[in-house]
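Here is a short briefing on one protein chain. Please keep the structure in view while reading.

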Amino acid sequence: MADKHIYGTVGVNGNIISGKGFSVDRIQDGNYYVRFDQPLDGEPSPVCTIFGPPWRTFNMSIAIVEAFPDGFICVTSTPDRPVDCGFTFLVVGEH
């Protein structure tokens, strides 16, 4: 099987800034469900980073809390609580 790469940039409200092959649902504050247009074979290996201006992102972090063949859920947060924030991601999986 060949590796498939899905990547993108997601805005603070869950809007897609760049990339294709996925959609994003903002579940609640800081919680995003990235859904792939075509599921991968098996669980993917997502990598995420915070995206945005320094004044908004200096104390933010991102965690991948679940991954599925059809997507993943990530949470952006301050040290205290989930907070909406832009992020980038890259997923590698078999297809």
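Strand β4 pairs with strand β7 (residues 71–77) in the antiparallel sense, over five bridges. Strands here are DSSP E runs of at least two residues, helices are H or I runs of at least four, and both are numbered from the N terminus. Two strands count as paired if DSSP finds at least two bridges between them. This is a predicted model: local features need pLDDT of at least 70, side-chain atom pairs count only at pLDDT 80 or more, and totals for chains, interfaces and linings use all residues. Residues are numbered from 1 along each chain as its sequence is written, and side-chain values use heavy atoms, with hydrogens and water left out.

**Strand β4 and its partners**
- Tyr 33 has Ile 73 of β7 as its bridge partner.
- Strand β3 (residues 22–28) also runs antiparallel to β4, joined by six bridges.
- Phe 22 is bridged to Phe 36 of β4.
- Two residues lie between the strands of the β3–β4 hairpin, where Gly 30 takes a positive phi near 75°.
- Five of the six residues of β4 (residues 31–36) are buried (under 20% relative accessible area, 1.4 Å probe, protein chains only; exposed is over 50%, partly exposed in between).

**Whole chain**
- The chain has one helix and eight strands, in the order β-β-β-β-β-α-β-β-β.
- Buried residues make up 38% of its 95 residues.
- The C-alpha trace spans about 40 × 20 × 20 Å along its principal axes.
- Of the contacts (heavy atoms within 4.5 Å) between residues at least 6 apart in sequence, 58% join residues at least 24 apart.
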